Amino acid sequence: MSDPFNQDCKHNNDSLSSQAEQLRLTGRYPGSRWVPSPNFGARPEGSAISLLVVHNISLPPGQFGGTEIEDFFCNRLDPAAHPYFETIAAMQVSAHALVRRDGSVVQFVSCLDRAWHAGRSCFDGQEECNDFSIGIELEGADDIPYTPEQYRTLADMARLTMMAWPKISAERITGHSDIAPGRKTDPGPAFDWRYFSQLLAHEEIA
């Protein structure tokens, strides 16, 4: 299966550079579907985008394919639709983008803005990671394998993000659990960091 996001991203280096420049200027990932969330704010003056945070989310937990994630990030989740929703419906959170199981991308917040994805967090001694990070959610759960399409899309998004904001290096791509240890566990043991790193480096995968 070919994933929609990658259809728009597999071009020559000149095209990739152009896409990265557009991302830097507009904050929008090419090929993504725009579903604006109200849960964002301006980045603090002088903050430089320098971190990419990988998350996971599934609503209801462990179930995939519905509109509930979009509803949640847009403050329209029906608390009566599932017992779990009663515990989260009042929360106001977001991420910059969501990678669905088929590799397609939904974007909620411009990368130029501050999405509400990390919460209380710290990376390399710098607190409040929302101020300087981009948050990408994978539709998934800590203990359910992610799809090949998701890994390919995430790697393509990460490469574009690194080109758009060079302060983000491979070493500054991290999991939510790493910036909020003890509070968050995603993307969980199911996320294969070695495989993702190989894709990011364009290495051949056995």
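Mentor: Helices (H or I, at least four residues) and strands (E, at least two) are DSSP runs, numbered from the N terminus. This is a predicted model, in which local features need pLDDT of at least 70 and side-chain atom pairs count only at pLDDT 80 or more, while totals for chains, interfaces and linings use all residues. Residues are numbered from 1 along each chain as its sequence is written, and side-chain values use heavy atoms, leaving out hydrogens and water.

The protein has 7 helices and 10 strands. Of its 206 residues, 50% are buried, meaning under 20% relative accessible area; exposed means over 50%, and partly exposed is in between (1.4 Å probe, protein chains only).

Now the core. A nonpolar core is a set of buried Ala, Val, Leu, Ile, Met, Phe, Trp, Tyr and Cys residues joined through side-chain atoms within 4.5 Å. The largest one has 28 residues, and Tyr 29, Ile 134, Ile 136, Trp 165, Ile 173, Phe 191 and Phe 196 have the most contacts inside it. Helices H2 (13-26), H5 (148-164) and H7 (193-200), with strands S3 (51-57), S4 (97-99) and S9 (133-139), each give two or more residues to this core. The most, 7 residues, come from H5.

Take Phe 191 as an example. Leaving aside residues up to four places away in sequence, Phe 191 touches Val 54, Leu 138, Tyr 146, Tyr 151, Leu 154 and Phe 196; contact means heavy atoms within 4.5 Å. There is also a second, separate core of 16 residues, among them Val 35, Ile 69, Phe 72 and Val 106. In soluble globular proteins, nonpolar side chains tend to be buried together.

Next, the backbone. Most residues other than glycine have a negative phi, and most peptide bonds are trans. Leu 59 and Pro 60, however, are joined by a cis peptide bond with omega about -15°. Another cis bond links Asp 186 to Pro 187, with omega about 10°; Pro 187 is in the loop between helix H6 (176-179) and H7.

Asn 75 is not a glycine, yet its phi is positive, about 60°. Asn 75 belongs to the loop between H3 and helix H4 (85-88), and its relative accessibility is 35%, so it counts as partly exposed.
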